[in-house]
Amino acid sequence: MLLYTLRRLLVAIPTILLLVIAAFFMMHLAPGGPFTSERPLPPEVMANIQAQYGLDQPLWKQLWDYFFNIVVNFDFGPSFVQKDRSVNDVIAQGFPISLTYGALSFLAATVIGVILGIAAATRHNSWVDYSAVSLGIAAQALPNFIMGPILILVFTLWLGLLPGGGWNGGQWEYLIMPVIALATSYIGSIARITRSSMLEVMNSNFIRTARAKGLPDRTIIWRHAMKPTLLPVVSYLGPVFVYVLTGSVFVDLYFSTGGLGQSYVSSALTRDYAVLLGITILYGALTVIVNLLTDLAYAWFDPKIRY
Amino acid sequence: MFGRSEKAAALSADITDFKAVRGRSLFRDAMGRFVRNKAAMASVVILTLIVAFVIFGPLFAVWDNEEIDWANMGDIRRMGAPSLENGHYFGLDELGRDLYSRTIQATRTSLLVGLIGATMALIVGTAWGVIAGFYGGRLDSVMMRFVDILLAIPLTLVLILILVVAGRSFIALFLALGAVSWLTMARIVRGQTLTLKTREFIEAARAGGVSEPAIIFRHILPNLIGVVIVYASLLVPEMILAESFISFLGLGISEPMTSLGKLIAEGAGTMAYGTLWQLMFPLFFYVTIIITMFFIGDGLRDALDPKDR
Amino acid sequence: MTRIARLTLTALLSSTVLTGAATAAFAQETHPETGEELAEDQTFTYRLLDDVSSLDPQIVEDVDGSDVVRDLFEGLMNQDAQGNLVPGVATGYEVSDDNLTYTFTLREDARWSNGEPVTAEDFVYAWRRAADPATASPYQWFMELMSIEGASEVISGDAEPDTLGVRAIDPQTFEVTLTTPLPYFAQMTTHSTTFPTPQSVIEEHGNSWTQPENIVSNGAYVLTEYRPGERIVRERNEEYWNNEETILDRTVGLIINDENVALTRYLAGELDRTEIPAGQFQRLSEEYPEEATSFPRLCNYYYTFNLSDSGPEAFKDPNVRKALALAVDREIIVNNVKGGGWPPAYTFTPDAVAGFSPPTTEMAEMTQAERDERAKELLAEAGYGEDNPLEFDMIYNTDEAHQKIAVVMSQMWKQKLGVETNLSNMEWKVFLETRGQQDFDLARGAWCGDYNEASTFLDLLDTDSGYNDGKYSNPDYDALLEEAKTAEDTTPLYTEAEEIIAEDMPVIPIYHYAGVYMLDSDVGNWPTENVEQNWYSRNLYKIAE
C-alpha cells in the first residue's frame, strides 16, 4: 500500500508538469495580454512593464524561469493585475477561505445526502422515498447560480437575519448562505446514488442471509450494508470534493467571500498568467491527491481491492 | 460536474458486472422493461411534448424572438406581464422582446446543446476508449495518461480558454462542451473493451482470421452500445447544465440567439424587480428537461442492465 | 476620537424638541457649518465592483483604486466639491513668468501616519519613482503628459530617474520644471500618480508595502484592513494635519461583483452607496425619491465606424454613417433601456465639460420622426435599399448593459432602415485586441476624460491618436486641435471641431455618462457637482436619522 502510494505520487509529478505546460501555452494563445487595456499604453511604457515582469523573454525562457522560481524559491511570481500581491499571497489568502466553506459544504452535502438516501432506500416506495427523491432531483436540476441571489433576497432583505455577504474571518453567520448555496446541488446527487446503491445491496445475498439469521434491521443496515453502499458514493465524492473547491466562483461572486474561485475566473479573463497558473497547479495537485485518497478509501470500503 | 458525475461513478461500478453478450432479444427485452418503467415513460411523454412545443410553438407566436415591442418596452414591470391579449403569452424580457418566442428558441438551443454535446462525447470517447482498450500495451497507457492529465485540468479553465480563443458561436460552444465531456466516456468504454476483448467469441473471430478493424466494428462496438447509450443519455442534462454555467460566466452564445441558461441568468438578475415571469418560464422548461432526462437515463440504465430491480 | 463638532446643550435641546424623536442619551454632535445633527456612528459604506489594481499611488490605474488612494494619500493640491483646486499638502504655488517653473510651498504640519514630516523630498522621490522604468507603472506616461522636463528620457531608459525636472529646494519647497507651458498643470497634481510615497517603507517592504500592517500614508485616513474579494477599510489618521475637521471616522468599501446583489444589500441597509442597475432608475426614483440620484459625469458612450482600409466599403460614404446615426432613437435608449438618469448624446464631448459649448447640430434639432425620414433618404441616396440591403457586423464587449444597447440599436436599424446587423459580443481582452487591430465594422467605445477639458475627448479622433481605433482622419479637424493647444479661447475651436464630427459622423454618440447611484440620504456632502467624481471621505459626514 505504501509502495503503491509512493508510486502514484511519483507519477503525479510529470502529470502536473504537463498540466502546467498545457495551461501555459493555452493561456498565451488567448488574444490580449495582462496589460492590454482600454487606453493602449505608449510603446515604451509597455516595454518597461513587460521587461519588469519578464514577458519580453521568449516563451520557453518564461516557462523555465517560472519552474525555476517555484522549485528553488517556492515563489509563484507576482500577480500582473493586482500589482501589490504575489501569487503566493493570492493563494495564501484565498485558499483557506475556499477550503473552509468548500469542506463545510462538502460535509453538509455528504451527511444530508447519505441520510436522505438511506432513509429513502430503507423505506422503499413509501412517502419518505418519494419526497426524498423528488427533493433530491429538484435540488439537482436547479442551476446552482440562482441560489445566490435568492438566498440573499430572502435571508438578508426580507428576513433581515443574515449579512448579505463577506467573510469576516469565517464567522458562522457569514458561512450559512455560501454553504447552503454550494451544498444544495450535491445533496440531490449524493442522495440518489446512496439510495440506488443501498437498494442494490439490500437485495444481495449476504444481506438476505443476515435477515434469515434474524438480525434486527438496524444492525443489518449499520453493520453490513453500510460499507458496500458507500462504495459508489465514495467514487463520486472524490471529484466532487475538488469541484466544490474549484467551482465556487458563483459563491465568491455573490457572497464576496474572497475565495479562489473568483480569482481563478477573473485571472483567466484578465490574462493574469501567473495567478492562473498558480491556481491551476494547486487544483491539479489537489485532484491528484484526492484521486489517490479516493482509491485508498475504496480499498478500505471494499476488502476485495488490493494494491 | 460535466461528465464526471455520479452516473459515471455508478456506471463504472456496474461495468464489471455488465453482461456483454446477450443475443438478439436484448433490445426487445430492454424495451419491454423500459416501457414498464412509469417514471421513464412519463418523462418520454413530457419531453415529447416539449419537443412538439419547440417545433409547433412558433406557429402560435405573434412576435418573433428578436423583435422589440416598442410600445411596451418602457415599463416592463407593469406592461410586460404575460398576457393573451397582446400576444406575449410569457410576457416580455427586459428589452421588450417576446419571451414566448425567446423561450422556444432558447429551449431549442439547450436541447441541441445537450444532444450535440453528448453525441460528440459519444463519438470521441468511444473511439478513444475502444482503440486504447483493444490495442492495449504502450498505446493504451499513453492514451489513458493523456486522459488523466486532461481530467486534472480544472474544467472552468478549459471552458473559458476555448470560448475565449474560439469566439462565440455554436461551434465553439459544442467544441468546448465536447472537449470536457468525452474523457469519462473514454474511460468507461476502455474498461468495457478490456473485458470484451478476452471473451471467447472475440478469440474465435481472431482465430477465424477476421481482421482487427472488422472485429472492432462487428463484435466490439455492437456490444458496447448499451453502456454507451446509457451514459450518453445521462450526459445530455449535464451538457445543458454546463451550458448554463457558461452563460452565467457571460461566455454563452451571441445575441439575438439565446439559451435557457442565459434567460435564467437574466431572469435571476431582475427577480427582485417585479418581473418574476422572466425567471419562471425559462426555469420551468429548464428544470423539466433536466428532470425528464434524468428519469429517462435512469430508465435506460435499468432497462439495459437487468441484474437488479 | 477627537471631533471638532461643537457640543452645545441648547442645540441639543432644541433639536430634541423639534424632532421629538431623538432619544440619544449622549450628547448629539452637529456639523459645524450646516448644523445638521451627526450620527453616532460615522462610518460610510459603499460598493466596489472589484478588487483594486493597487493601493500604491504611483501604480494604481483603476477608478475604484484611485478613490481609496485619494483617502490614504494627499498630493500637492486637492479638489473641492465642485472640482475646483484647493490646497493639499501644498499651501499654494508660484509660476515663473515663462510658465515653465512651478514652485510649491508645503505646509509644515503635514505628517505621515508614523509621525514623520512630509517633505519636498518625499515628492521628489515619488515623482522620480513614477517615471522610473523599474517601477513598471502603467501611469508612467502621466509624467510625460505633465510635460515634466526629462520625463520622456527617463521613461525610455535614456536617462537616470534623478535627471527628472523636480527638486527639493528645502524641506518645504518643491520645484517642478516643464518643457512646455501647460495651463492645467496644477490641476494634474490632484491625480494619484503625483502623490508622495514613503521611501523608507517602500525600501523596507518592497511590493508588499501597501499591506495594512506595513503601509504608512499621509492622507486623512490609514488603511486598517484589506481583504481581497471582500472589503477595504480605512480609518481616521490621527496624524493628518487637518484631522480636527475630519468628521467621518471610517470608510468601508465592500467588493460586490453583481450589481443586483449590491442593490439588494443596499436596500437591506448594508450599504450607503451603490450603482443603480440599468433600467431601474425610474422605478427606484419613484420608490426612493430621496436616495436615487443622478448627476453628469465626464464620460461618453459611442459606436465607432471602422474607416480604415479593412473597414466595409459602405462606411466610407458619410451618408451611410449619418443615416445610421440618425436612426438611433436615443430617447428610447436613455429612457427605456437605461431607465432614465442618462443624458442622450448628439455630440462626442459631454455637455458637462468645462468651457465647452455644444454646437447646434441638425440632428439635435430634429424630431425622431424627421431623423428617421432623413435617414431613409440618405441611405437611399447612398444606394442601399430593399434590393441592396446594407449588412455589417457590430462588436461590443460582454456585458449585459452593452448587450441591451447593441440589440436595441440593431433592431432600430432593422425595423426602420432594413439594415441587417450581426451582433457579436467578445470577452473584454479579445474585444480590445480586435478593435485595436481594426478587425471590425462597427465597435462600441466609451471614454472618460482624464481632466475637465474638451481636448481629452476630441483628441481621440485625431489622426495620430493611439486611441483612434476607427482610424478617422480629417486634416481640418487635426488643425483645429493643434490650434486649440495654444489658443487663448478654446471654446469656439472645440465647438467647430464638434461641427466637423457632426458632418463626418466618424462615430455615433449614444449617450453621456451619469453617475446613477442609490445614495443614502444620511450621507452628507456627496460631491455631485464634481464631474470627475474625485471624492474625499474626509469631506463626507453621516447625518443622524
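Me: Leaving aside its neighbours within four places in sequence, which residues is C:Ile510 in contact with?
Reply: This is a predicted model, in which local features need pLDDT of at least 70, side-chain atom pairs count only at pLDDT 80 or more, and totals for chains, interfaces and linings use all residues. Residues are numbered from 1 along each chain as its sequence is written, while chains are lettered from A and ligands numbered from 1 in the order in which they are written. Two residues are in contact if their C-beta atoms, placed from the backbone, lie within 7 Å. By that rule C:Ile510 touches C:Tyr301, C:Tyr302, C:Tyr303, C:Val328, C:Arg330, C:Ile333, C:Ala345 and C:Ile405.

Me: Which residues touch the most other members of the largest nonpolar core?
Reply: A nonpolar core is a set of buried Ala, Val, Leu, Ile, Met, Phe, Trp, Tyr and Cys residues joined through C-beta atoms within 7 Å. A residue is buried if 20 or more other C-beta atoms lie within 10 Å of its own, exposed if 12 or fewer, and partly exposed in between, with C-beta atoms placed from the backbone. The largest such core has 327 residues, and the members touching the most others are C:Val408 and C:Ile510.

Me: Which helix gives the most to this core?
Reply: Helices (H or I, at least four residues) and strands (E, at least two) are DSSP runs, numbered from the N terminus. The top contributor lies in chain B and gives 17 residues. It spans residues 212–248 and is helix H10.

Me: How many helices does chain B have?
Reply: Chain B has zero strands. From the N terminus on, its elements run α-α-α-α-α-α-α-α-α-α-α-α. The helix count is twelve.

Me: What share of the residues in chain B is buried?
Reply: Chain B has 309 residues. Of its contacts with a separation of 6 or more, 75% are between residues 24 or more positions apart. The buried share is 54%.

Me: What share of the residues in chain A is buried?
Reply: Chain A has twelve helices and zero strands. Its C-alpha trace spans about 85 × 55 × 30 Å along the principal axes. Among its 307 residues, the buried share is 48%.

Me: How far apart are the end C-alpha atoms of residues 275–301 of chain A?
Reply: An unreviewed UniProt entry lists "transmembrane region" for chain A at several spans, including 99–121 and 275–301. UniProt positions are given in the numbering used here, feature names are shortened, and annotations may be inferred rather than shown by experiment. Residues 99–121 are 100% helix, with end C-alpha atoms 32 Å apart. Residues 275–301 are also 100% helix, and their end C-alpha atoms are separated by 38 Å.

Me: Which element gives the most to the side of chain C that touches chain A?
Reply: The contact takes 43 residues from chain C and 40 residues from chain A. Elements of chain C that each supply at least two residues include helix H4 (140–145), strand E10 (250–255) and helix H8 (259–267). With six residues, the top contributor is H15(C).

Me: How many residues on the side of chain C that touches chain A are charged?
Reply: Ala, Val, Leu, Ile, Met, Phe, Trp, Tyr, Cys and Pro count as nonpolar, Asp, Glu, Lys and Arg as charged, and the others, Gly among them, as polar. This side holds 19 nonpolar and 13 polar residues. The charged ones number eleven.

Me: Where in chain C does pLDDT stay under 50?
Reply: pLDDT is the predictor's confidence in each residue, from 0 to 100. The mean for chain C is 89, and 95% of its residues reach 70 or more. The stretch under 50 is residues 1–27.
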